[in-house]
Amino acid sequence: TMVEKSRRLVIASYVALLVLLSYGGLVMHDVQTDGWGPWLVRVIPLLLFLPSILVKRARGHAWLCFVSLLYFMQGVMFATLPGQTLFGILVAAASLALFVGSLGYARFRSRQLRRQSSDHPARQ
């Protein structure tokens, strides 16, 4: 179903974005001199949505759409920097896939839950 397809897209793009952001925060910056700050600033906003993804909350996925757009803008910005074009394109593509998957999951899961609740009205 569309719920399952969009969920697979969310998981795949979420993991890909985490890997890319970890690369950007750990490999591109020296942890010895810069500390953990660059990595934490990139990864923590994304990790805040992990519970919503694991519990399959449609509302959490809807909010993840907005956050993924911030990563998309960051990817576009990286793509304009010399020597960072490929990295920027990959971040933008992963965040765009996360946006589309999250949007689809939020929409189709909400529709599925609404249909289930109308099929089983509350007993009085």
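The expected span of a helix is 1.5 Å times one less than its number of residues, where helices are DSSP runs of H or I with at least four residues, numbered from the N terminus. The structure is a predicted model, in which local features need pLDDT of at least 70, side-chain atom pairs count only at pLDDT 80 or more, and totals for chains, interfaces and linings use all residues. Residues are numbered from 1 along each chain as its sequence is written, and side-chain values use heavy atoms, with hydrogens and water left out.

**Exercise 1.** Decide whether Ile 44 is buried, partly exposed or exposed.

*Solution.* Buried means under 20% relative accessible area and exposed means over 50%, with partly exposed in between (1.4 Å probe, protein chains only). Ile 44, which lies in helix α3 (residues 37–47), has a relative accessible area of 40%, so this residue is partly exposed.

**Exercise 2.** Find the residues that Tyr 14 contacts, leaving aside its neighbours within four places in sequence.

*Solution.* Contact means heavy atoms within 4.5 Å. By this rule, Tyr 14 touches Leu 46, Leu 47, Phe 49, Leu 50, Ile 53 and Leu 98.

**Exercise 3.** Describe the overall make-up of the protein.

*Solution.* The secondary structure consists of six helices and zero strands. Of the 124 residues, 32% count as buried.

Terms used:
Helix = DSSP H or I, 4+ residues; strand = E, 2+ residues; numbered from the N terminus.
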